[in-house]
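User: Hi! I am new to reading protein models. Could you show me how to read a few features here?

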Amino acid sequence: MTYQLFDQKRSWIEIDLASLRYNVRSLLSLMKSKEQFMAVIKADAYGHGAVRIAQELNKMDIYCFAVATLSEAIELRENGIQGDILILGYTDPSQISYIQQYHLLQTITDVTYALAMDEMNIDIDVHIAIDTGMHRLGSGYNEINQIEAIYALKHLHVKGIFSHLCVSDSLKEEDKEFTEKQIQHYFELIQTLKNKNYNVGKTHIQSSYGLLNYPHLCCDYVRIGISLYGVYSSPYDQVKSSIELQPVLSLKSKIILLRHVKMDETIGYGRTYKASKERIIAVVPIGYADGLSRILSNQGYVLVRGEKVPIVGRICMDQMMIDVSDIRDIQVGDQVTIIGKDGNIYQSCENISDESHTISNETLSRLGYRLPRIYRDE
Ligand SMILES: *Cc1c(COP(=O)(O)O)cnc(C)c1O
């Protein structure tokens, strides 16, 4: 969106493309070939900008992508992205002609949906989703008749079959057992279909944690989302194959106004912060509409001049206030780092997400449309 250009000097996202490439190479070290890499770039590549990220991946000979919606897929095609694009989520049957026109792959969420799509009389390529225990999308792994019914449909050309693991991020014994069961049921189904002479096409079951914790699995694709961006979902996550990853995204803003408040004066809506002594307060032009959780009000911290400074008062829609009393030489225009490195300290996406009672995936994907992205390539 071009109007964002005018907001460049308000608050912004910095994307480090060298780190993106580093992560791709690191992740590839756990795979057999580049052909296995399916880059999950839904939700605007987890806030990183889907078109630009896909362009960089095309340059690295990665030609397989997954998105959540039809619009996300069309945006990639309209910008010249090459390769397979799988829509992981629901597309209304009335829009099926676009799937054909843009050479996309549609996930078949269950047999009822398959029938509705087939009735449209338009030929498309699909991947069948199989439910092995998450109970979100997919036909049940043991509903073989229903799965065969999908293969029988005239207009749906099955190019792949996949499942999704729901606790592959956990190394707890019971979670590992559950995951192993999911994997076993998936592979048994594939074998059954092969024995019945179906061409199952491309197989895939791992996402980032599926790869990091179950690297021995051998499928045609691995769906790589969060780890492509160099972060873990939570700061407590442990993984079996720890590879080096570098965070790709930083979130920055700047101080636009400084004010002195006296003892007992309050800051912001609801007067939730009261100065216990004289304070210097800075206003920063970023708020919850930009994706910063309001839960960080009076909780979180940001970085200024290489030091941690607390968020004070409630985070507003477009602004927040921070206490910079202890920072020497503080000035209007000073940079504020919300995610990223400042001097010797680092505020990780995992950490700020944890303080917001969520995971990195949510924080990144909710970074607002008002934040321009600045791409660095060193
Ligand atoms: C979002 C998504 C992924 C990517 O997951 P990460 O944990 O971010 O790697 C993979 N598969 C499906 C079906 C998804 O919806």
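Analyst: Happy to! Let's begin with contact, which means heavy atoms within 4.5 Å. This is a predicted model, where local features need pLDDT of at least 70, side-chain atom pairs count only at pLDDT 80 or more, and totals for chains, interfaces and linings use all residues. Residues are numbered from 1 along each chain as its sequence is written, and side-chain values use heavy atoms, with hydrogens and water left out.

User: Which residues does I161 touch, not counting residues up to four places away in sequence?

Analyst: I161 touches I128, I130, Y151, Y186, L189, I190, L193, V200, K202, T203 and H204.

User: How do I read helix α8?

Analyst: Helices are DSSP runs (H or I, at least four residues), and strands are too (E, at least two), numbered from the N terminus. After α8 comes N197, with a positive phi near 70 degrees.

User: Which residues of α8 are buried?

Analyst: Buried means under 20% relative accessible area, exposed over 50%, and partly exposed in between (1.4 Å probe, protein chains only). In α8 the buried residues are D175, T179, Q182, I183, H185, Y186, L189, I190 and L193.

User: What do the buried residues of α8 pack against?

Analyst: Their partners are β6 (124-131), α7 (144-151), β8 (156-163) and β9 (202-204).

User: And what is a nonpolar core?

Analyst: A set of buried Ala, Val, Leu, Ile, Met, Phe, Trp, Tyr and Cys residues joined through side-chain atoms within 4.5 Å. The largest one here has 110 residues, and F37, I41, I161, M320 and I322 touch the most other members. A second, separate core of nine residues includes I281, V283, V312 and M321.
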